[in-house]
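Trainee: I have a model open and want to learn how to read its features. Where do we start?

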Amino acid sequence: MLFTILLGLFSAILLIPFGSRLKSKWSILLPLIPTGIFAYYLGFIPKIASGASFVQHIEWVPTLGVNFDFRLDGLSMLFMLLITGIGTGIFFYARTYLKGHPYFDRFFGYLFLFMTAMMGLVLSDNMLLLFIFWELTSISSFFLIGFNNDNKDSRKSAMTAMTITGMGGFFLLAGLVLLGNVAGTYQISELIEYKDRIINSDFYPLILLFIFLGAFTKSAQFPFHFWLPGAMKAPTPVSAYLHSATMVKAGIYLLARFFPALGGTDLWSYPLMIVGGFTMLYAAIHSLFRIDLKSILAYTTISALGILVFLLGVGSREAIIAAAVFILVHALYKATLFLVTGIIDHETGTRDITKLAGLRKVLMPVAIAGILAALSSAGLPGTFGFIGKDLIYEATLHSKENLMLILTILAVITNTCLVAAGFMAGWKPFAGELPREYSQLHLPYKSMWIPPLILGTLGLLFGLFPSFIGKWMSLATANSIFGAETDLKLAIWHGSFNTVLILSLVTLGLGILLYIFNKPSEKKVSFLEKFQSISSQSILTRYSNDIIRFSTWYTGKFHNGYLRSYHLKIILFAEGLLIYKLWMSGPIQIDFDNLTPLTIYEVAVVVILLGALLIVVSTPSRLTAVVSMSVIGYCICLMYVFYSAPDLAMTQFTIDTLSTVLFVLVLYKLPGFLNLASAKQQYRDIVVALGFGAILSIIALKVLYEPIQTQTSDFYGENAYILAKGKNVVNLILADFRGIDTMFETVVLGIAALGVYSLLKLRLKSSEKE
Amino acid sequence: MELLLVAVLGLLYAAGVYLILRRSMVKLLLGIMLLGNGTNILIFLLGSITKGKPPVIDADHNVFQDIYADPIPQALILTAIVISFALTAFAIVLLKRVYALVNSDDLDDLNTPEEEDI
């Protein structure tokens, strides 16, 4: 399993050096990779269908619980086949769709990366690994959505998608880490063993909240749904891929994957049922008001995702079966509809359904694909969509008594709208009279219309022979979502006129009526735009603008470009922190017995030092300041002499002399100090400075009271002669015990010397000087 | 004497902080030097200070016979003095260059050279 993921990744990387060569006829190699992976996974079907699962374990960071754990079971199998199978179609399609595009190779690089991320996501059995791939899908889809990067709208919608899904990613990470800590394992397949512990944990509501937020943002649930219609700015193959089977289904996958371990409680069911139920209804109604083909498809996609979230929320055996089948149903018809839309857009240059009609006369195979998909999405008996719809009604009818009626009505309304919307997208462009302007259209290359035709036909075949797909695929999927046997059996005809069948037919009839009477028009679109200002999208945009304004203000305040202002802030902050710490550590104690006695010449030195200090601070003359500075240095030097530090005294003396000489030599030409600060500023600075000095003094006093640790010093004292054959301990520490440190210090000095030399020698050109 | 040193280091820090809050580049540099000196004295205080007993072993013996001043703070300060000299020397030369370019000692004149076209 790892090698298929690596294969995708390597293909993406290999496109960097070889991409430009692949623009010609060699580009046929590109779709062969997903085809190969698809074929490879098809081989697993018999074993998966008999209930087996495959695992692969490679250690990565075992101490942190992060490993390359991959697991192929019924659920990941379904997704793998969708990702690579529909991926194959998309790759063939995109090769023609983007022929001659200057960034042809780049597009396929992103596409490979995205496919890899999706494969990794559905195969991961480790929560943290899953999260990594999850983020990778967000990132790679950002590039895909923003592929037309010279278009402002395209960039904007890529940013929106990235922001929303990225935000969800944060929550997901928090949820997964919490879950991992509560359960004590990051292995997803082991979680179910700890189900009791997880559900009874105090963190359970929080874990659910975080994981739900992750899933809702990715799967475009209300109120995070708006990134999905925006993402329609992407090239059509991308829309088809991201929105039928992959990106947006990742959230569904996540919920399905964690259903056995987290599901089955009220805390799980109600949020999903409410959010999913509201989303499916809201988006289904919304789709009726659109006239752009891709917009209609976007909203029906959101609605379908809502249905899936809703079903996972209901969580009964019937609901899980319905979800397992509906994922496949939806992927098949939605990918077809997107691809058909892409062809229409490519050929006619418009996606406005009020202008499109009669295209069946020129684009026959495309029309067949589109109509098959529309019929499947409408749930006509004999299509796969009919079975999906049956199962959904079965699930709502078998839910709890008190909810049954509401849920069923909700499902009927949603499905009615979806039937109408499906006909709008898949039927309307092909029906009626062909406008004259389109009569010269001709069929695009085979590689563009064959993939949607295959997908559309599959929708029909699976509908005619449901027991086949049920036995080989959907049973295993439903079992691994449910975590137990579901006894799923698919059939066209349940053998009697039951409520489900009646509901299906009612939905179909109402949907067709709605399609006939709901005439899409510009007016309805503009009617909807009136509500734009209260939509979650504009609220979020307003918030993000406020954040930008706040950070501009904040940065301007703190990063104003004045060094002294930075100093002041840093020092004030340090003072605050230190005062707090000193306050907490209790009163100062001084041990007067241990102090060394004062002598008169020490006092004299200190008085001279303080006098010089006052001059440095207050003098208007630069030279006086520099000379006073050297007086301070010599006074300190004398103190070192008093207190047994001859080496320090010598060093201080030399260095001080050198600095002063350098100062005077280099800077004697400068003018005197200007008094630039106001008296008020000066007083403020004096207070701040004295405060800082006082804090440091207090720290020194506290240090004095602490007992001194002498082990290290004793070691050097005792071993100075024995180990280093010397008698001056300070010298030995520097030159022997810590010799390498001193060597590097010398290097630092050397670098500084080089800097000084080159600055002195630097001759600027006259142009640089002014 | 320790108390006196405590007072001295506090005042050195205060003067240093005051100077780095000024606009003049030379004052900034003097402030940094004062802060360095204050820090040296602080480190010096960290080992107990001892009068007239340098950490040098007698010529006749191989180990210390008497108490001796703590050598570790001294070694640290020695390093600090040398490194701060490197910093000072570099800063002084840099100051000279800046002065040659902008003809001013005022830090604010460095802020927006594009706008003021110096």
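Mentor: Start with burial. A residue is buried if 20 or more other C-beta atoms lie within 10 Å of its own, exposed if 12 or fewer, and partly exposed in between; C-beta atoms are placed from the backbone. Ala220(A) is buried, with 28 other C-beta atoms within 10 Å. Keep in mind that this is a predicted model: local features need pLDDT of at least 70, side-chain atom pairs count only at pLDDT 80 or more, and totals for chains, interfaces and linings use all residues. Residues are numbered from 1 along each chain as its sequence is written, while chains are lettered from A and ligands numbered from 1 in the order in which they are written.

Trainee: What is the phi of Ala220(A) near?

Mentor: Near 55°, a positive value in a residue other than glycine. Ala220(A) sits in the loop between helix 10 and helix 11 of chain A. Helices (H or I, at least four residues) and strands (E, at least two) are DSSP runs, numbered from the N terminus. That loop also holds Pro223(A). A cis peptide bond, omega about 5°, joins Phe222(A) to Pro223(A).

Trainee: Is Lys725(A) buried or exposed?

Mentor: Exposed, with 10 other C-beta atoms within 10 Å. Its phi is also positive, near 55°. Lys725(A) lies in the loop between helix 30 (711-724) and helix 31 (729-737) of chain A.

Trainee: How do I describe a helix pair?

Mentor: Two packed helices are described by the angle between their axes and the distance between the axes. Axes are lines fitted to C-alpha atoms, for helices over the stretch in contact, and angles run from 0 to 180 degrees between N-to-C directions. Take helix 16 (residues 317-348) and helix 20 (residues 446-464) of chain A: their axes come within 9 Å and cross at roughly 150°. The two are therefore roughly antiparallel (under 35 degrees is roughly parallel, over 145 roughly antiparallel, 65 to 115 roughly perpendicular, the rest oblique).

Trainee: And the chain interface: how many residues does each chain give?

Mentor: Chain B gives 76 residues and chain A gives 81. Contact means C-beta atoms, placed from the backbone, within 7 Å. On the side of chain B, helix 3 of chain B has the largest share, 23 residues.

Key. Two residues are in contact if their C-beta atoms, placed from the backbone, lie within 7 Å.
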